[in-house]
Number of protein chains: 2
Amino acid sequence: MSRTKLLFTPGPLTTSETVKKSMLRDVGSRDREFLGEVSAIRRSLLALGNADDSYTAVLMQGSGTFAVESVLSTIIPRNGKLLVAINGAYGRRMAGIATVLGIPCEGIIFDEATPVSTERVAAALAEDAAITHLATVHCETSTGILNPVAELGRAASRLGRIFIVDAMSSFGGIPIDVVSDHIDFLISSANKCIQGVPGFGFVLARLHLLEKAEGCARSVSLDLRAQWQGLEADGQFRFTPPTHALLAFAQALRELREEGGVESRAARYAANHQALMHGMGALGFETYLAPHHQSHIITSFRYPLHPRFDFPEFYGRLSELGFVIYPGKVSHADCFRIGTIGHLFPHDMEALVGAIRQVLAGMQIDSARASLPVGRTEAYE
Amino acid sequence: MSRTKLLFTPGPLTTSETVKKSMLRDVGSRDREFLGEVSAIRRSLLALGNADDSYTAVLMQGSGTFAVESVLSTIIPRNGKLLVAINGAYGRRMAGIATVLGIPCEGIIFDEATPVSTERVAAALAEDAAITHLATVHCETSTGILNPVAELGRAASRLGRIFIVDAMSSFGGIPIDVVSDHIDFLISSANKCIQGVPGFGFVLARLHLLEKAEGCARSVSLDLRAQWQGLEADGQFRFTPPTHALLAFAQALRELREEGGVESRAARYAANHQALMHGMGALGFETYLAPHHQSHIITSFRYPLHPRFDFPEFYGRLSELGFVIYPGKVSHADCFRIGTIGHLFPHDMEALVGAIRQVLAGMQIDSARASLPVGRTEAYE
């Protein structure tokens with residue numbers, strides 16, 4: 001394959017050379033040193049989420065969705081009911097998983113351009129006593145919007161419901177406190193803001209709820225409780241772990257500490273995002289979200305109105321130049337996405353913007369505006 | 001972590017430097033070149049199994065067990081029933097998965113030291129018309145025994161049943177022909193005889209049976225049919241793939257071809273096994289299986305009777321010397337296992353035997369015999 005490209009994606013993303021080089025060895029899945037690394041990884045994850053002793057960290061093979069499914073499958077009892085607060089594709093996916101698993105589930109749907117409303121969620125919880133669990137997505141990767149998990153957690157706790165947060169694309173890149181935010185289960189994955197390679201996800205889990213969930217899982221592979229028990233019993237995964245991805249993750253965690261922890265990383269991502277917004281704004285691009293809803297994780301840009309704009313061509317030309325962006329995932333608007341996470345820095349964002357400028361010129365597109373100026377809106381349709 | 005050790009395990013196993021080095025790049029999961037590699041991997045797997053156009057290859061994130069569960073979950077309909085022919089831990093695991101998934105399931109149990117009997121399995125199929133699917137393990141990694149999948153496949157086909165084979169530790173290391181052996185679903189994983197790194201499993205699947213299985217999966221993540229549809233639609237995984245493990249696997253497949261294919265690899269493994277048996281025999285070790293049931297994949301050795309033999313100490317001392325072996329998994333006998341697969345050669349086996357000799361001497365064990373010579377059997381208890 002050809003040379004390495006920079007990935008402006010929500011993961012798999014660009015990792016450091018040192019993270020990748022830590023995969024240059026084969027270790028036994030029962031090797032004492034390896035088990036020590038696994039144990040250290042679990043402790044680090046708890047610390048990153050500001051968890052106390054009432055939590056444990058469980059690693060789960062597969063993509064982040066596998067970890068999400070493992071939580072829903074394992075901790076919602078047969079007589080439970082799930083409410084999912086949805087404002088994007090990943091919220092919808094949680095509801096879809098619950099449905100396939102035969103878990104009674106309701107979705108409370110919000111516009112993709114607005115955060116989930118705590119008030120409306122609390123009203124829905126208050127209305128339906130059958131609901132035992134509330135789930136939402138912290139940073140909806142489909143748009144880049146941030147949901148008010150602290151507020152939602154307080155509401156869930158006040159109303160006596162268990163709170164599940166998909167923090168896939170935010171954990172490690174935005175400070176989060178599972179204790180004060182009343183998050184009972186937080187899910188993320190290796191190849192996001194901690195900047196490891198893909199291969200597994202992880203869950204910060206409220207210990208007593210995990211203990212209580214015996215015999216509940218609808219799967220053997222995705223049984224989060226059995227996975228936790230295995231890790232506690234002898235430090236081992238029940239089934240073959242992705243050893244190389246775990247070695248990479250251990251290194252990624254060391255590099256996160258060296259960078260100064262989550263706050264410093266969040267500051268770098270915010271600087272990346274600022275550089276991106278500055279450059280894209282200058283080219284005339286418009287964002288899907290209002291600025292005050294926008295996270296520094298990933299940003300959805302509307303397609304330019306220009307008749308010569310063609311996303312596959314735009315994507316392909318950028319990729320040729322070594323810059324990989326991401327297609328959109330908004331339901332009712334043509335967008336593409338640019339991630340600002342991973343081993344990337346403001347100068348990489350500037351390089352990307354330069355490449356986008358070059359590609360637009362090559363496509364003979366003089367303006368990236370997605371809407372027409374006032375006075376010409378009659379042409380909008 | 002300290003220096004690299006040689007892994008005499010059933011996987012994760014020792015891989016080549018070039019396989020590991022192919023992980024030194026981050027690729028986008030939608031990158032055209034990456035999708036080309038994924039497509040080439042799927043074609044190579046079909047060729048390795050001698051599959052024709054009536055099969056497709058589907059990759060599934062997670063360990064091999066995840067791939068096994070994806071098959072059982074996806075292809076056995078609500079009114080189906082599974083018979084598992086069991087002579088070890090991996091057969092039992094399949095039955096356990098079916099049970100958790102709510103699939104009616106019977107196990108036909110054989111002694112762990114003898115292969116599954118086709119005659120008895122055929123009789124069980126003939127007796128119970130409700131059974132729609134038969135499953136077994138090709139090489140039971142718990143002992144190293146080989147089951148007669150060709151015979152079983154003929155019986156299943158004659159009796160009109162769908163045949164599922166867990167070929168986890170054999171595929172790529174023992175020639176197999178899914179067409180002539182009537183195997184409808186064959187499951188294996190990246191970190192076995194193809195000598196990739198762990199992170200995903202794969203399934204060679206009879207196309208028309210996969211097509212027919214719509215709406216059957218008891219999981220979203222482990223929905224093999226949806227995974228296949230995703231790969232067919234745009235070449236992409238539905239959820240984040242382990243990109244680095246896939247690049248390593250593509251390289252591992254190239255190296256398998258360079259070695260001369262499955263026959264040549266099987267010959268190397270057989271030579272490894274012969275070197276191991278020669279050396280271990282000279283030290284007095286006894287195998288759990290009779291030689292004619294023993295595969296060249298992995299071998300179970302009985303613990304020496306010697307009172308100073310202590311497996312954790314034996315394992316630890318060998319590991320210190322850079323040789324990682326594997327604990328036993330036989331139900332009613334104390335054994336340890338030594339794998340002869342991976343990027344290992346007869347001289348590595350000789351080095352291992354030398355290390356074992358040294359460790360035994362260090363533990364002041366003068367004989368590795370597991371049974372007493374005739375005339376002294378009264379002391380056996």
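Buried residues make up 65% of the 381 residues in chain A. The model described here is predicted.

## Chain A as a whole

Chain A contains 12 helices and 14 strands. Its radius of gyration is 21 Å, which agrees with the value near 21 Å that a compact globule of 381 residues would have. Along the principal axes, the C-alpha atoms of chain A occupy a box of roughly 65 × 55 × 35 Å.

Among the contacts in chain A with a separation of 6 or more, 73% are between residues 24 or more positions apart. The accessible surface of chain A amounts to about 13500 Å², and carbon and sulfur atoms account for 51% of it.

## A covered strand in chain A

Strand E5 of chain A comprises residues 133–137, and five of its five residues are buried. In general, the side chains of a regular strand alternate between the two faces of the sheet. In E5(A), A:His133, A:Ala135 and A:Val137 point one way, whereas A:Leu134 and A:Thr136 point the other way. The residues of both groups are all buried.

With which strands does E5(A) pair in the parallel sense? One partner is strand E3 of chain A (residues 82–86), joined to E5(A) over three bridges. Another is strand E8 of chain A (residues 162–166), with five bridges to E5(A). The residue A:His133 takes part on both sides: A:Leu82 has A:His133 as its bridge partner in E5(A), and A:His133 has A:Ile162 as its bridge partner in E8(A).

## A covered strand in chain B

Strand E2 of chain B (residues 55–61) is largely enclosed by the rest of the structure, because seven of its seven residues are buried. On one side of E2(B) are B:Tyr55, B:Ala57, B:Leu59 and B:Gln61, and on the other are B:Thr56, B:Val58 and B:Met60. Both faces of this strand are covered.

E2(B) pairs with strand E10 of chain B (residues 200–206) in the antiparallel sense, over seven bridges. Within this pairing, B:Met60 stands opposite B:Gly201 of E10(B).

Strands of a sheet pair through backbone hydrogen bonds, in either the parallel or the antiparallel sense. In chain A, three strands form an open sheet in the order E11-E14-E13, with antiparallel pairing. Its edge strands are E11 (298–302) and E13 (326–327) of chain A, each of which pairs on one side only. E13(A) is joined to strand E14 of chain A (residues 335–339) by two bridges, and A:Pro327 has A:Phe336 as its bridge partner in E14(A).

Chain B also has an open sheet of three strands in the order E11-E14-E13, with antiparallel pairing. Strand E11 (298–302) and strand E13 (326–327) of chain B stand at its edges with a single partner strand each, so one side of each is left without a neighbour in the sheet. In chain B, two bridges connect E13(B) with strand E14 (residues 335–339). The bridge partner of B:Pro327 in E14(B) is B:Phe336.

| Strand pair | Sense | Bridges |
|---|---|---|
| E3(A) and E5(A) | parallel | three bridges |
| E5(A) and E8(A) | parallel | five bridges |
| E2(B) and E10(B) | antiparallel | seven bridges |
| E13(A) and E14(A) | antiparallel | two bridges |
| E13(B) and E14(B) | antiparallel | two bridges |

## Two loop residues of chain B

B:Pro115 lies in the loop between strand E4 (105–109) and helix H5 (118–127) of chain B. Leaving out residues up to four places away in sequence, B:Pro115 touches several residues, including B:Asn87, B:Phe110, B:Ile145 and B:His293. B:Pro115 and B:Ser367 are 252 residues apart in sequence, and their C-alpha atoms are 30 Å apart in space.

B:Gly284 is found in the loop between helix H10 (261–283) and E11 of chain B. Apart from neighbours within four places in sequence, B:Gly284 is in contact with B:Ala368 and B:Arg369. B:Gly284 and B:Arg369 are 85 residues apart in sequence, while the distance between their C-alpha atoms is 4.9 Å.

Definitions and conventions: Residues numbered from 1 in each chain as written. Chains lettered and ligands numbered in written order. Predicted model: local features only at pLDDT ≥ 70, side-chain atom pairs only at ≥ 80, totals over all residues. Heavy atoms only, no water. Helix = DSSP H or I, 4+ residues; strand = E, 2+ residues; numbered from the N terminus. Rg over C-alpha atoms; globule rule 2.2 N^0.38 Å. Buried < 20%, exposed > 50% of the residue type's maximum accessible area, 1.4 Å probe, protein only. Contact = heavy atoms within 4.5 Å. Areas by Shrake-Rupley, 256 points an atom, 1.4 Å probe, with all protein chains shown as cover. Pairing = 2+ DSSP bridges.
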